[in-house]
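The following paragraphs lead through a protein chain, from its overall build to a few selected sites. Please keep the sequence and the coordinates at hand while reading.

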Amino acid sequence: MPVPAPVLFPPFNIVRLSHVELGVTDLARSRAFYADLLGLQVTDETADAVYLRAMEERGHHCVALRRKPAPQVDVLGFKVFSEEDLDRAQAFFSGKGIETGWIERAHQGRTLFVCDPFGTPLEFYHRMDRLPHIHQKYALYKGVKALRIDHFNCFSPDVDASTQFYTEMGFRVTEYTEDEESKRLWAAWLHRKGGVHDIAFTHGRGPRLHHIAFWVPNPLNIIDLLDLMATTGHVGAIERGPGRHGISNAFFLYIRDPDGHRIEIYCSDYQTVDPDHEPIKWDLKDPQRQTLWGAPAPRSWFEEGSLFVGAELREGVLKAQPIVAP
Ligand SMILES: [Fe+2]
């Protein structure tokens, strides 16, 4: 299927991705991972939850960790432009026969909860507690010094269908991988905020969360993190990289948190805000799409992901497979 045409005046206005709520089994262990290795700042703690933000974020949190019996993903959060956009979002989802609900969330105003047609739990809000800026408080910087959350990447059993639905919500495709034989999408990267993506879909059993990415300013942050992890008992949590992506042109590293949730450290992609920005097409068989320098990703990278709470899994519709490291 061809990439859908962008919807430049969408039914409601999403500003950007905002936050993720992760179920973790050992709150103290996960707190140490996100605060000490990623360098996120703890903004609130309760007996069962830890909230964190990255260094240039003014909103209260980009990650909420919640103590759960097993690892899971509770919700992916998005900020909308105005309160009226929340009502327009509810009308959009209701018009598609999707159940909607207004929920209470700490540190957020009115919050709309829905599951997308594939079972992914999503929430939308306009107001979140605002905090003083800390991006020039250099004494606070730790670990990889993450500046902001950058994107979600999700396994989708039908990337064409996911891309179509998120395009209707106003997300615009910047790059995509096509299976040359079936001419169907194997992966797609879609944005709202003017970078390469706020959310991406990768073909596979889903819906599952593939990874959450955090933005850092330069590759040396990633090298420093590798040295830190290698000498503080975290070498086994390094999964893939460092390297340069073909898609997005970003410098990257993939690591796993203590429950296996995959985290990407993502450095320096490019601007895509023009309304007539044309997507870049990649062939699934081109190893340089994964890593510009040619090294294929490990099998775990294509197979392992985090479960969304309540979502029913479906197998992928395509037989095509990418090149995998032996
Ligand atoms: Fe990514």
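**Overall build**

The chain has an accessible surface of about 13,400 Å², and 53% of this belongs to carbon and sulfur atoms; accessible areas come from the Shrake-Rupley method with a 1.4 Å probe, and for residues only the protein chains shown count as cover. The model is a predicted one, in which local features need pLDDT of at least 70 and side-chain atom pairs count only at pLDDT 80 or more, while totals for chains, interfaces and linings use all residues. Residues are numbered from 1 along each chain as its sequence is written, and side-chain values use heavy atoms, with hydrogens and water left out.

Five helices and 18 strands make up the secondary structure of the chain (DSSP runs numbered from the N terminus: helices are H or I of at least four residues, strands E of at least two). The radius of gyration is 19 Å, close to the 20 Å that the globule rule gives for 326 residues, so the chain is as compact as a globular protein of that length; the radius is taken over C-alpha atoms, and the rule is 2.2 Å times the number of residues to the power 0.38. Along its principal axes, the C-alpha trace spans about 50 × 50 × 40 Å. Of the 326 residues, 55% count as buried (under 20% relative accessible area, with exposed meaning over 50% and partly exposed in between; 1.4 Å probe, protein chains only). Among contacts (heavy atoms within 4.5 Å) between residues at least 6 apart in sequence, 69% join residues at least 24 apart.

His-211 is buried at 2% relative accessibility, and Glu-264 is buried with a relative accessible area of 1%.

**Helix α3**

Helix α3 covers residues 159-168, and seven of its ten residues are buried. These are Val-159, Asp-160, Ser-162, Thr-163, Phe-165, Tyr-166 and Thr-167. They pack against α2 (83-95) and against strands β8 (121-125), β9 (148-156), β10 (172-179), β11 (184-191) and β12 (199-203). At the start of the helix, a side-chain oxygen of Asp-158 comes to within 3.3 Å of the backbone nitrogen of Asp-160.

**Thr-291 and the cysteines**

Thr-291 sits in the loop between β17 (280-283) and α5 (299-303), yet counts as buried at 5% relative accessibility. Its side chain makes a polar contact of 2.9 Å with the side chain of Arg-240. A polar atom of the Thr-291 side chain also lies 2.9 Å from the backbone oxygen of Ala-295. A polar contact is a pair of N or O atoms within 3.5 Å; within protein, one must be able to donate a hydrogen and the other to accept it, and residues adjacent in sequence count only if both atoms are side-chain atoms.

The structure holds zero disulfides (pairs of cysteine sulfur atoms within 2.5 Å). The closest cysteine sulfur to that of Cys-154 is in Cys-115, 13 Å away and too far for a bond.
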